[in-house]
Amino acid sequence: MTKSLTITTPDDFHVHLRDDVLMASVLPYTAKQFARALVMPNLKTPITTVEQAIQYESRIKKALKSDSHFQPLMTLYLTGKTSLEEIKKIPEYKQIAGIKYYPAGATTNSDSGVKNIDDRYDVFEIMEKLDLPLLLHGEVVDPAIDIFDREKAFIDQHLLKLHKTFPNLRIVLEHITTKDAADFILSSSKKVAATITPQHLLLNRNHMFIGGINPHHYCLPILKRETHRQALLNAVSSGNTKFFLGTDSAPHLKSTKENACGCAGIFSAASAIELYAAVFDELNALDKLEGFASFYGADFYGLQRNKSSINLVREDWVVPEKIIVGGEAIVPLYAGRKIAWRLIS
Ligand code: DOR
Ligand code: ZN
């Protein structure tokens, strides 16, 4: 039985770091295990310009410990009004790694997102020419579409056409949750890849309701049925380079999760690489962890693979029940539960 594991330091290609006090509290968890992370732009005031992204990057860097080598990779939030001039500035800024598409109203702080994706084909055309990655929150928001079908509907209604129209546009379908999405990724060209979260590998939709309603398992895209989880497990254990790590760690205060109208998002940064290791171990695929966590994302984004490494040991530990932020609690994924792998700092 493998007792310890040394892998190239991983990167998290999808994280929400927020801002101010909340950022200061959650950032150390990400910076401890990942060399780089792609930082989502859905702040209360979204990061819609290059200037805002650069300022946000410097706030993140300021919040890091002075000896930290962690590198944030920034993103811009696409709106109905984003100008082509703004997009054309991006290649000069190597720290900006892509542009995030949120359908307006799909999730947390997405009100400024795009109402009709077809209206932004002007942006996608420029992005294809400049070889800028497009990061998709791949769900439709039509209230007539069942919440469990929104990812598939996005693929059928929008993504197939988008990929066909711009075959050279690099696309990351973020936080995939369905067999339909995994199949789409497998059937598309090498310009298209996907990130997968720990919660969508570990949990199915029953986990939102077992023993009563559990708001800490509510995220978007929502957890799906077991057959879809199995498809995601097959995707990661196959070692296919089109699937890579993106935690979608999304902290919300306990009081806003345990609420009559609870927020969507799961905070996984407190134990992310350990949870992924446990998943790959269960699959008898620990040899595939390093590619998924440390190589394929960097390769897709055209970044150098990291030179440093991390060590994981097979050793039980219990995820904290909560972390405290300015006197309030955040409940992490797997709070109070045992994990069989531990990161050695
Ligand atoms: O569950 C989610 N939470 N999904 C998202 O797309 C956004 C995120 C957040 O920012 O809280
Ligand atoms: Zn996200």
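1. The largest cavity is the space taken by ligand 1. The structure under review is a predicted model, and the points below should be read accordingly.

2. Thirteen residues, written here as 13, surround ligand 1. Arg18, Asn42, Thr107, Leu220 and His252 are the closest of them.

3. Oxygen atoms of ligand 1 take part in several pairings with the protein. The side chain of Thr107 places an N or O atom 3.2 Å from an oxygen atom of ligand 1; Thr107 is also listed among the closest residues of the shell. For His16, the distance from a side-chain N or O atom to an oxygen atom of ligand 1 is 3.3 Å. Gly265 contributes through its backbone, with an N or O atom 3.2 Å from an oxygen atom of ligand 1. As for cover, ligand 1 taken alone exposes 290 Å², and the protein buries 100% of that area.

4. How many disulfides does the model contain? With a disulfide taken as a pair of cysteine sulfur atoms within 2.5 Å, the count is zero. Cys219 is in no disulfide, and the nearest cysteine sulfur, that of Cys263, is 13 Å away. Cys263 is likewise in no disulfide; for Cys263 the nearest cysteine sulfur belongs to Cys261, at 7.3 Å.

5. Is Cys219 buried or exposed? Cys219 has a relative accessible area of 2% and is therefore buried, the limit for that class being under 20%. Cys263, at 26% relative accessibility, counts as partly exposed.

Key. Residues numbered from 1 in each chain as written. Chains lettered and ligands numbered in written order. Predicted model: local features only at pLDDT ≥ 70, side-chain atom pairs only at ≥ 80, totals over all residues. Heavy atoms only, no water. Buried < 20%, exposed > 50% of the residue type's maximum accessible area, 1.4 Å probe, protein only. Near = heavy atom within 4 Å. Polar contact = N/O pair within 3.5 Å; in protein donor to acceptor, adjacent residues only side chain to side chain. Areas by Shrake-Rupley, 256 points an atom, 1.4 Å probe, with all protein chains shown as cover. 1 Å grid on protein atoms, 1.4 Å probe; cavity = no way out; pocket = protein on both sides within 12 Å on 5 of 7 lines; lining within 4 Å. Sits in = over half its atoms within 2 Å of the grid points.
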